[in-house]
Amino acid sequence: MSNHENSLYSKAVLFAVVAAVTVLIGTIVTVFVPMFTAGMHPKNDNLQPFTALQLAGRDVYQAEGCVNCHTQTVRPLKADVLRYGEYSKAGEFAYDRPFLWGSKRTGPDLARIGGKYPDEWHIQHFENPQAFFPMSNMPKYTWLKNKPLNASETLAHMKALGFPYTDEDAKALESSTQLDALVAYMQVIGTSVARKEAIVVDPSMIESANPFAGKPESIAAGQAIYKAECAGCHGQNAEGNIGASISDYAQGEPADTDTYITVANGLEGAMPAFAGQLSKEKIWSVVSYINSLK
Amino acid sequence: MNNEFHYDYKTVQGFVLSAIFWGVIGLVIGLLISAQLWDANLNFGEYFSYGRLRTLHTNVLAYGLGIGAEFGIFYYIVMRLTKRPLVLPKLARFHLWLFNVGMVLATLSLFIGMNQSLEYAEFEWPIDVAIVILWVIFAINVLGNVFTRKEKNMYVSLWYVIATIITVAILYIVNNLAIPASLTKSYHIFAGVNSANVEWWYGHNAVGFLFTTPILAMFYYFLPKSTGLPIYSHRLSIISFWSLIFAYLWTGAHHLVYTPLPDWIQTLGIAFTLFLIAPSWGSVVNGYFTVDKDWSKMRNNYLTKFFIVGITFYGLQTIQGPSQGIRVISSLIHYTDWVPGHVHMGTMGWVTMVICASVYYMLPAMYKTEIYSEKLANIHFWIVLVGQLMFSITMWITGIQQGAMWKMTNSDGSLQYTFMETLVRNYPYWQMRTVAGVIFVVGMLFFVYNVLMTIKKGNDLAKQAA
């Protein structure tokens, strides 16, 4: 190195300055400049700031590290849209400090969880996820229901963020738990974009009668799907829980196509749609199983 | 002539032991969370549930083991390369104590759920303030020595040390700008898409400037020291250094492929990520050609293989990483277990390998003795190598399986698998990953034992001499 004696590598201050400039170029172009453009600050017209209860729930979501396993961004890819719903838009996240898009889907994406299930589903599922999905690896969040919210702290958070709230909102916090808050947050995620299923079935798209009706293998397949996906809400023995009793439903001798369409399209706010992730044959097998409960 | 007597090794030794302590804690938590993934019954209430412990695992290992070791090893390297003792040895000692007190508080804060939910920047603002103070103290110590050095030219390792200090300061301060709402809670000053862009600019460069440039500083210093062979090409060192630190800062957006982040930032990120292969491999090639002068060092010098296998995993990591940025590959493996497989090849195969070898080199020099057992060091090497390969390969297989199962559709347009069906197929692989983790940790325990016994040996010799 003796022939470099008066080079950059013998002048520490100059070297440090050149190194700083070198790392700042990419930083300025890709981070600092975009920060001051409108494109980085879009907001959907109907996007509302979080309510006090929702924000308290979001705080719980952060504290429990939910972001370690759940993403909140649906990619504009066929499989993502089929599984989760409409792909994520930049304008949905204007009040998200920080963003909670995550980087790992150990559990499913939650960008469209708002309104997918009734509140009661979330309450029971946080208490015992395995009651819904026996093989689920999600921890049981049993302590949340026993933890009252700290109302003054939540209101301080609302003030820090400049979110509006009423006295009623403030009062409601005092009788709420962390679980209530987390459920309220779940129900608002992604709701500034209208819920839209990738596949919506109408009677013209399916057979007029169950092509597998009465076949034992179809009933068995349907029962397996029922246990895996439906029993949490409708009961292990179809006796009903959050959702209606399927035994009672079957007694009413519904038309096969009506049952098919309910399973495929779900019921707004009460039951998720399954057309995106169950093939026609699988949905028909669920219909076969339900009919066998008569 | 430099006077060995004045080198303040106590601080270096303290950091090495601290890093080992935090490392063991982080590794044990890692084993527990790996098992929680395949058995939810292993979540023990609020404080020992996966969501909190996974955050602890990454932070304790990154900050406690990684940065703790870097502080110590950098003090050692800097004293040697500036040919003078630390300018402010008492400040360095204070740095060591503050580091450990800070780590205790930081760990507790994550346990009680103080979590910003920004990956690798989870700590809340009071801890952030402490970390910035810690970093400033470190910078004063290191730059103080550099500016008052007794050696005219700065060696390659010092370039990487200086770049690390400057860049980490910029990254950490910018990404942790937040609106404090209480002592335990703050909100990112950036929102939505902008928050994502800042976070992954930080997140990727935290990898770049905490797990790449510092480890390269060690590599460029300890490889020639261990082998007695000079670095193959000084020109290649120069080119690699500048192109690496220039390109790294453009690449964060490859973590946000197919998100609502503006496409041009994603594309620019992907392009620079691909470019980054060149400077990364500049160092890889430089390492290989250094040992090319005498490959028998791989057999005869037990440290050489740590460095050469380490730089090989760095090379593989920097091929795999850029590939993952490409849109079509990202669409398959992003959000799957492929990514932890990738990360652990870097952390277990490259970062830990080089840190351990550096410690093996420094200990005998600091305690004026020989390493306690080369044989145990060799056992350590082979066990961690097997554990790491098994870990990463298992994760790559299950990651591809997951990605493919998520995508597969039926002829009627519906998805072939429900989410649960894709999840349960991971379990056998996750169980194998736990086994791989146990193997790796056993290997690391050989390292810890060897370190402690070497220190004991050195202390006993010192007592005898006195």
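To begin with a definition: helices (H or I, at least four residues) and strands (E, at least two) are DSSP runs, numbered from the N terminus. This is a predicted model, in which local features need pLDDT of at least 70 and side-chain atom pairs count only at pLDDT 80 or more, while totals for chains, interfaces and linings use all residues. Residues are numbered from 1 along each chain as its sequence is written, and chains are lettered from A and ligands numbered from 1 in the order in which they are written.

First, a loop residue. I371(B) lies in the loop between α14 (338-367) and α15 (374-407) of chain B. Is I371(B) buried or exposed? I371(B) is buried, because it has 20 C-beta neighbours inside 10 Å. The cut-offs are 20 or more other C-beta atoms within 10 Å for buried, 12 or fewer for exposed, and partly exposed in between, with C-beta atoms placed from the backbone. Neighbours within four places in sequence aside, I371(B) contacts Y360(B), L363(B), P364(B), A377(B), N450(B) and T454(B); contact means C-beta atoms, placed from the backbone, within 7 Å.

Next, the domains of chain B. Domain 1 covers 1-155 and domain 2 covers 213-466, with bounds from an automatic or database domain assignment. Their centres, taken over C-alpha atoms, are 19 Å apart. In the contact between them, 19 residues of domain 1 of chain B meet 21 residues of domain 2 of chain B. On the domain 1 side, α1 (9-36) and α2 of chain B each supply at least two residues. The largest share, eleven residues, comes from α1(B). By class, that side has 14 nonpolar, four polar and one charged residues. Here Ala, Val, Leu, Ile, Met, Phe, Trp, Tyr, Cys and Pro count as nonpolar, Asp, Glu, Lys and Arg as charged, and the others, Gly among them, as polar.

Now α2(B) again, this time with a helix partner. Helix α2 (residues 50-82) of chain B packs against helix α4 (residues 125-147) of chain B at about 15 degrees, with axes 9 Å apart. Axes are lines fitted to C-alpha atoms, for helices over the stretch in contact, and angles run from 0 to 180 degrees between N-to-C directions. α2(B) and α4(B) are therefore roughly parallel; angles under 35 degrees count as roughly parallel, over 145 as roughly antiparallel, 65 to 115 as roughly perpendicular and the rest as oblique. From α2(B), F71(B), F74(B), V78(B), M79(B) and T82(B) meet F138(B), V142(B), N145(B) and V146(B) of α4(B). Those contact residues are seven nonpolar, two polar and no charged.

Technical notes
Contact = placed C-beta atoms within 7 Å.
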